[in-house]
Amino acid sequence: MMRSFLMLCLSMILLIGTACSDDSSNGKKLRSAKADPSSFNRTSPDAEDTSEAPAEEEVRTVPPEQLAKAKEILAAATEDQIAEVDAKGKYKMFCAACHGFDGALGVNGAKDLSASKLSLEESVAQVYFGKGLMTPFKGLLKDHEIVAVSKYIEKELRK
Ligand code: HEC
């Protein structure tokens with residue numbers, strides 16, 4: 001009963017659709033309507049790009065003071081400390097929600113960690129200080145845990 005009603009509705013829609021497309025004036029309207037959104041789409045990301053370009057430029061490279069802190073963290077973490085960390089477990093608990101277990105989930109624009117080209121220092125800096133929508137893990141993870149997880153990304157997730 002419900003199905004035949006739906007079928008009826010569908011065929012009505014189809015009929016109306018074909019009737020409209022036969023009408024040449026409507027066809028024109030459709031075409032101009034199509035042209036408008038596409039030009040709108042073309043201009044809007046451009047507009048965003050130009051307005052965001054300077055800000056992004058600044059953020060793209062890790063700020064020197066953050067790199068310096070990352071170097072400190074790396075220098076302070078001993079091999080033994082790092083080896084004791086369950087890096088995979090920490091990664092699953094703190095990172096996988098956005099990055100996925102394989103690093104490529106990309107929730108909220110989270111970068112694909114399996115394709116990341118950051119140096120260990122840059123990764124440590126970004127995990128410690130956060131960036132954009134990524135939470136800073138300073139205080140949530142101990143310094144040497146941040147190193148361990150960053151190493152885990154390099155060794156286990158990168159292809
Ligand atoms: C709330 C979501 C979220 C969580 C949780 C999260 N990240 Fe991220 N991550 C992001 C986003 C978003 C970016 C991209 C930031 C940008 O460039 O603006 C990112 C980028 C990165 C990058 C840089 C990759 C590159 O090549 O630029 C690294 C490294 C990273 N995350 C590691 C981690 C680690 C390690 C954890 C867990 C300790 C973690 N992330 C947890 C959202 C998250």
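Predicted model: local features only at pLDDT ≥ 70, side-chain atom pairs only at ≥ 80, totals over all residues.
Let me start with α3 and α6, whose axes come within 8 Å and cross at roughly 105 degrees, where axes are lines fitted to C-alpha atoms, for helices over the stretch in contact, and angles run from 0 to 180 degrees between N-to-C directions. The helices α3 and α6 are therefore roughly perpendicular to each other, given that 65 to 115 degrees counts as roughly perpendicular, under 35 as roughly parallel, over 145 as roughly antiparallel and the rest as oblique. On the α3 side the contact is made by Q66, L67, K69, A70, K71, I73 and L74, and on the α6 side by L120, E121, V124, A125, Y128 and F129, with contact meaning C-beta atoms, placed from the backbone, within 7 Å. Those residues divide into 9 nonpolar, 1 polar and 3 charged, where Ala, Val, Leu, Ile, Met, Phe, Trp, Tyr, Cys and Pro count as nonpolar, Asp, Glu, Lys and Arg as charged, and the others, Gly among them, as polar.

Residues are numbered from 1 along each chain as its sequence is written.

Of the 159 residues of the protein, 19% count as buried, which requires 20 or more other C-beta atoms within 10 Å of a residue's own, whereas 12 or fewer makes it exposed and anything in between partly exposed, with C-beta atoms placed from the backbone.

Staying with α6, its residues S123, V124, A125, Q126, V127 and Y128 are buried, and the buried residues of α6 pack against α3 and α7. After α6 comes G130, whose phi is positive, near 75 degrees.

What about α3 and α7? Their axes come within 9 Å and cross at roughly 95 degrees, so these two helices are also roughly perpendicular to each other. Here I73, L74 and A76 of α3 meet D143, I146 and V147 of α7.

Leaving out residues up to four places away in sequence, I146 touches I73, V124, V127, Y128, F137 and L141.

Turning to I82 in helix α4, this residue is partly exposed, with 18 other C-beta atoms within 10 Å. I82 and A148 are 66 residues apart in sequence, yet 5.3 Å apart in space, C-alpha to C-alpha.

Finally, the ligand is surrounded by 23 residues, the closest being C95, C98, S116, G132 and M134, where near means a C-beta atom, placed from the backbone, within 6 Å. The elements that give two or more residues to this shell are α5, α6 and α7, and α5 contributes the largest share, 5 residues. By class, the shell has 13 nonpolar, 8 polar and 2 charged residues.

Methods
Helix = DSSP H or I, 4+ residues; strand = E, 2+ residues; numbered from the N terminus. Contact = placed C-beta atoms within 7 Å.
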